[in-house]
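Please work through each task before reading its solution.

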Amino acid sequence: MNKKDTINILFCGIGGQGVLKASEICGLAALFDGFHVKKSEVHGMAQRGGSVESHLRFGKEVFSPLIPKGQAEYLVSFHKEEHERLKDFLNPESVDLISYLAEGEKLIKNKRCINIFLLGVLSQYLCIKEDSWMKAMKELLPLKYLEENKKVFAEGRKLGGWHDME
Amino acid sequence: MLLSGDEALARGAYEEGLKVAASYPGTPASEILESLSKFDEVDSQWSINEKVAFEVALSSSIGGLRSLYASKHVGLNVAMDPLMTSAYTGVGAGFIIVTADDPGIHSSQNEQDNRLIAEVAKIPLLEPSSPSEAKEFVKTGFEISEGFDTPVIIRLTTRIAHTKENVRIGDRREVVIKDFKIDIPKYVMVPKNAYKRRLEIEKRLVRLKEYSEASPLNRIELNDKKIGFITGGVSYLYVKEMYPEASFLKIGFSFPFPEAKAVEFSRKVKEVFVIEELEPFLERSLRGLGIKFKTKHPSYRIGELRPEYITDIVSGSEKKEDALSARKPVMCPGCPHRSVFWVLKKIKAVVTGDIGCYTLGALPPLGALHTCLCMGAGITFFEGIKKALRKNVAGVIGDSTFVHTGIPGLINLAYNNTKGLIIILDNSTTAMTGNQPHPATGITIKGEATKKLILEDICSACGADNVDVINPHNVKKLEALIKKRINENALSVIIARSGCRLNEKKKDAPPVYKKENCKKCYLCLSIDCPALTKTKDGFIDINSELCTGCKLCVETCSLKALTTS
């Protein structure tokens, strides 16, 4: 019953990994492209190493702030156990980016940037303009680390996308 | 602009000329005041507790300034005393009470549904479904408050407070400050006056019900007439997601309930289904109206609703509990609370606890905190448990919590001649809710320096015989001190003071691990530090990125497998 024009992305990990930052950047980029965006998460325990999940949905008009189970188009995981816990959100057509986590950990020296690497991967699947991603990162990342993050984002963007699904 | 429900509500209040806002931090409401504090035109404050916040905001309104109180659901309990009588006094300028409830108990001690409080207090209740509505409803809230001379409750839930969406922002309009009028029959609640005001409340409720019937906040959406849902809050969006073609009576103004509108709606659809989170509040409002309706199985009264539950609810089935539970939170690496719990566990103390990050001391493998009920009970519970056990009991409480409601408990101990040990876990911030300042930090919500409350002075003034200040990272000294004080014939307070790690950038070198000395006893793992893990072959790995060099693990190791050099 999901309206096809809504894109559902589930970000998950544990406190301190930058899960919320990643979904915030993606949400803002979607906003710049004129979509109705809803992003839902729980704060409070987030910085204490507990589970963190952020539901991001965008489209013409989004109702529920939570993605219904089985309806996530994309699952972006920063932690293997959390990925395991949230697999119920996937369906056979979903794109699960878990394989890129290990790849990112190998490729990216600065562990703190893994979230941006995975965003780069994700960006290749989405209809959001590159310019909007750049604007969103500029707004939400500290200026000091912006250039480094942009490079990491580009690394991920090179890898992600439909081309390697063939 | 992407704004959370909290931020959107704050923005709405700001645009409506809000002058005074007061709160005590609490998830999921904290961001309301944090957002408001950024506006120069709003006199905002972290109050020492919710009762104080409520009275500051209400009296500002009576004085003629538009004002707002905000707290989490259990925070409103602390403010119940002024809340219940505020319906009697009414307001001066508009006064909004925001309660942010936490269905699913993500970050709270209970799951109370504060919609019921609106009914008990006889105060009108608005329930937005989304951040944009939170912003809109504040505007209506001020109109109702001033039009009917009443406080207005706006109820958010976690999924509204912490959802972000596109919100259109506007300019602030200044609202004329009303004159304060001395009005003894209205503002002095002695029996005779209160009785007259009581009659006023009932008359007001009749008028409010008429308003609720006509209000666009209660909206009929006619579509497919086979099934009509009566729903409100975030539940409306879950149902809309799963049944976009159905008809709806969307309830945004839920107390007083628009009974006639509900009857009208029920006549237009074939089947009526009520869907709401937690208690059967709308359901009870519908009873006795002669409407035939279906509702969720009672098992769904517990916990949050989720969009995928809706089809099951409509089919009448019972709730299936999720098998996989979320990962448990843990004290940060280098957290100063950890060493206190390590010592208390070592001496097998029974520990009465309180609300804050340190409540995590109760989780395994530490298991060193044994009670947690509500704010301030770390001290008052100490009194009862000490009466029963007589020795080896300690009460722990955070610095912000001590100021919130701990002080009366300490005075009570001294006054009633109770001896023993209270430990203030002073990390100089309100950590769990996002590091807000409080009186003992000497900083205001706007980041300005102010008069600083000296904890050691106030403990002495309350009647503590001994007040010791110690850095808990100095574990040996801490242990000696706790052992000395815990069963002494005196009332002692130890202030274990070391800043929250989240505010601290400085790190010391990690300990050195000597594999050859390790006998795999895993005592070091009993402190539950995220920087220490067991490797596949059973040895210990120190994550140098996480480790802050606090060296508590070194204290746990008598085999010199973990050392400082």
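Two strands are taken to pair if DSSP finds at least two bridges between them. The model under study is predicted.

**Exercise 1.** Determine which strand of chain B is joined to strand 2 of chain A, and in which sense the two run.

*Solution.* Strand 2 of chain A covers residues 36–40, and three bridges join it to strand 8 of chain B. The two strands run antiparallel. Within this pairing, A:Ser40 stands opposite B:Thr163. Next, consider the pairing with strand 3 (residues 51–59) of chain A: strand 2 of chain A pairs with it over five bridges, also in the antiparallel sense. Here A:Ser40 stands opposite A:His55.

**Exercise 2.** Give the strand order of the open sheet and explain why one side of each edge strand lacks a neighbour.

*Solution.* The seven strands follow the order 5(A)-4(A)-1(A)-3(A)-2(A)-8(B)-1(B), and the pairing is mixed. Strand 5 (95–96) of chain A and strand 1 (2–4) of chain B stand at the edges; each has a single partner strand, so one side of each is left without a neighbour in the sheet. Helix 1 (residues 5–15) of chain B packs on the sheet, where it touches strand 1 and strand 8 of chain B. The direction of this helix makes about 95 degrees with that of strand 1 of chain B.

**Exercise 3.** Describe the side of chain B that touches chain A.

*Solution.* Begin with the count: 36 residues of chain B are in contact with 32 residues of chain A. Helix 8 (158–161), strand 8 (163–166) and helix 11 (233–242) of chain B each supply at least two residues of this side. Helix 11 of chain B gives the most, with six residues. By class, the side comprises 18 nonpolar, eight polar and ten charged residues.

Notes. Residues are numbered from 1 along each chain as its sequence is written. Chains are lettered from A and ligands numbered from 1 in the order in which they are written. This is a predicted model: local features need pLDDT of at least 70, side-chain atom pairs count only at pLDDT 80 or more; totals for chains, interfaces and linings use all residues. Two residues are in contact if their C-beta atoms, placed from the backbone, lie within 7 Å. Helices (H or I, at least four residues) and strands (E, at least two) are DSSP runs, numbered from the N terminus. Ala, Val, Leu, Ile, Met, Phe, Trp, Tyr, Cys and Pro count as nonpolar, Asp, Glu, Lys and Arg as charged, and the others, Gly among them, as polar. Axes are lines fitted to C-alpha atoms, for helices over the stretch in contact, and angles run from 0 to 180 degrees between N-to-C directions.
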